[in-house]
Amino acid sequence: MVAIMTGMDTEAPAPPTRRPVRQLLAASVGNAVEWYDWYAYTFLATYIADQVFPESADNSLVPLLSTFAVFAVGFFMRPVGGLLMGAIADRRGRRAALTVTILLMGGSSLLVGLTPTYAAAGVLAPVVLVLARLLQGLSVGGEFAASTTFLVESAGPGRRGLFSSFQYVSTTAGQLVASGIATLLVDTLSEERMNGWGWRVPFVFGAVLSLVGFWIRQGAQETRSSAQQRAPRPALFEALRRHPRESLLICGITAGGTIAYYTWTSYLPTYAELNAGVAKSDALLAGTISLAFFGLLQPLGGMLSDRFGRRPPLLFFGVGFALLSVPLLHSLRDSFAVLLLVQCAGMVLLTGFTSISAAVNAEVFPPRVRAAGIGFPYSLTVALFGGTAPYVGTLFKDLGHAGLFPWYVAVLCLLSSLVYLRLPETAHKELER
């Protein structure tokens, strides 16, 4: 299918990796560490807002809006990371790119943990935070491009969906640890200690974890075929120039998935606090439990797609969210049980996208430009729709139109569903390597 779409000749595939379990471990542990660092910011956003941004006498939401704006700024570095680190993966190898990304993430996480308060450093405080988030965005954009390619190319015949699912198994594990640590700190430390030093602990811990991930990745086997290693190196923008249709296809596949993913896995605790009056500790606990449930679903979704194809689960996700986003989000009230049910219902639908997105993306591009081809359009779409989700949701609330946000999610998922209807089936075709 890839050869037909791109007009390129297929070559004999590279032999399967000799140690698939170790490949999964190298990708998954490093990826979990990456996303732990990234998501710790989201779960502790309200504490960062209080310490790093000045309060407004007119609007108490201004510091939180500023914090989510920095969250979005980090996302806009992700396309750059996807392009640059994807180019490294296509030119130097997948393992080389994965090594660079995890070192970048460790350094930037440490920088967040050491960010001074506004009271101590004035405007320098948000400047340091923005710099740290820019570096994190560069790292995460490159991580997705390299690890997606690495995972799918490590898979044996008929197992690409299963291997693909570990992209979000490990992402969820990182989120889960970040959410769990945030919940533990909130429950055990006083508000004064959380605002003083407690919110910094997860970021310093993340920097240490990055060194562990770096060590594990040193033993990974390169998945780029020997023929690709001998071939001339691709130009930086070759994927965009030679494969514009495939690049647009990645955007269409991702738009609905990313807004639903970041709404349900990252923003929903804050959304529930702002719009339904749910206590902060209850919101974090519900998020932690639903994330664990979500992680367990991923391999099942991947295996089902290997057997029945990629299009059915994608449509299950897209149509499901288009129909149910509004009633689910409007049903939230000041109840832990209701919030947990809403989150888990969304996680079931979301699995149709997350468990196979890595496989679907990798099956679109040829190996020569696969990492960069995936990384840039995917990360750009995530930046436009996923990274802005917390900011847009909070802004709707600030403007007095909080009820519009669920419709925003539903419309994007409907548009992606139209793309899924026309998507060629690739589950049972051989992956070009």
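Glu 238 and Arg 242 both sit in helix 13 (residues 238–242), four residues apart, which is about one turn of the helix. Helices here are DSSP runs of H or I with at least four residues, strands are runs of E with at least two, and the numbering starts from the N terminus. The structure is a predicted model, in which local features need pLDDT of at least 70 and side-chain atom pairs count only at pLDDT 80 or more, while totals for chains, interfaces and linings use all residues. Residues are numbered from 1 along each chain as its sequence is written, and side-chain values use heavy atoms, with hydrogens and water left out.

Glu 238 forms a salt bridge with Arg 242, and the closest N and O atoms are 3.4 Å apart. A salt bridge is a side-chain nitrogen of Lys or Arg within 4 Å of a carboxyl oxygen of Asp or Glu. Side chains of opposite charge can pair when their charged atoms come close. Glu 238 counts as buried because its relative accessible area is 6%, whereas Arg 242, at 46%, is partly exposed. Buried means under 20% relative accessible area, exposed means over 50%, and partly exposed lies in between (1.4 Å probe, protein chains only).

By this rule the count comes to nine salt bridges. Another of them joins the side chains of Glu 153 and Arg 370, at 2.9 Å from N to O. This pair links distant parts of the chain: Glu 153 is in helix 8 (residues 124–154) and Arg 370 is in helix 19 (residues 370–386), 217 residues apart. Glu 153 has a relative accessibility of 2%, so it counts as buried. Arg 370 is buried too, with a relative accessible area of 0%. Both residues belong to a network of salt bridges that links Asp 90, Arg 94, Glu 153 and Arg 370.

A further salt bridge is made by the side chains of Glu 363 and Arg 310, at 2.8 Å from N to O.

The next topic is the nonpolar interior. A nonpolar core is a set of buried Ala, Val, Leu, Ile, Met, Phe, Trp, Tyr and Cys residues joined through side-chain atoms within 4.5 Å. Which members of the largest core, with its 87 residues, touch the most other members? They are Tyr 262 and Phe 405. Helix 14 (residues 244–276) gives the most to this core, with 13 residues. Apart from it lies another core, of 13 residues, among them Ala 89, Ala 146, Phe 150 and Ala 220.

Contact means heavy atoms within 4.5 Å. Not counting residues up to four places away in sequence, Tyr 262 touches a set of residues including Trp 35, Trp 38, Tyr 39 and Phe 75. Ala 220 lies in the loop between helix 11 (201–217) and helix 12 (226–230), and its relative accessibility of 6% is why it counts as buried. With neighbours within four places in sequence left aside, Ala 220 is in contact with Gln 23, Ala 26, Arg 95 and Phe 150. Ala 220 and Ala 26 are 194 residues apart along the chain, but their C-alpha atoms are separated by 6.0 Å.

Met 347 lies in helix 17 (residues 336–354) and is buried, with a relative accessible area of 0%. Leaving out residues up to four places away in sequence, Met 347 touches residues including Trp 264, Phe 293 and Leu 297. Between Met 347 and Ala 260 there are 9.4 Å, C-alpha to C-alpha, and they are 87 residues apart in sequence.

Thr 117 is found in the loop between helix 6 (94–113) and helix 7, and with a relative accessible area of 16% it is buried. The side chain of Thr 117 reaches the backbone nitrogen of Ala 120 at 3.1 Å. Tyr 118 is in helix 7 (residues 118–121) and counts as partly exposed because its relative accessibility is 34%.

Notes:
A polar contact is a pair of N or O atoms within 3.5 Å; within protein, one must be able to donate a hydrogen and the other to accept it, and residues adjacent in sequence count only if both atoms are side-chain atoms.
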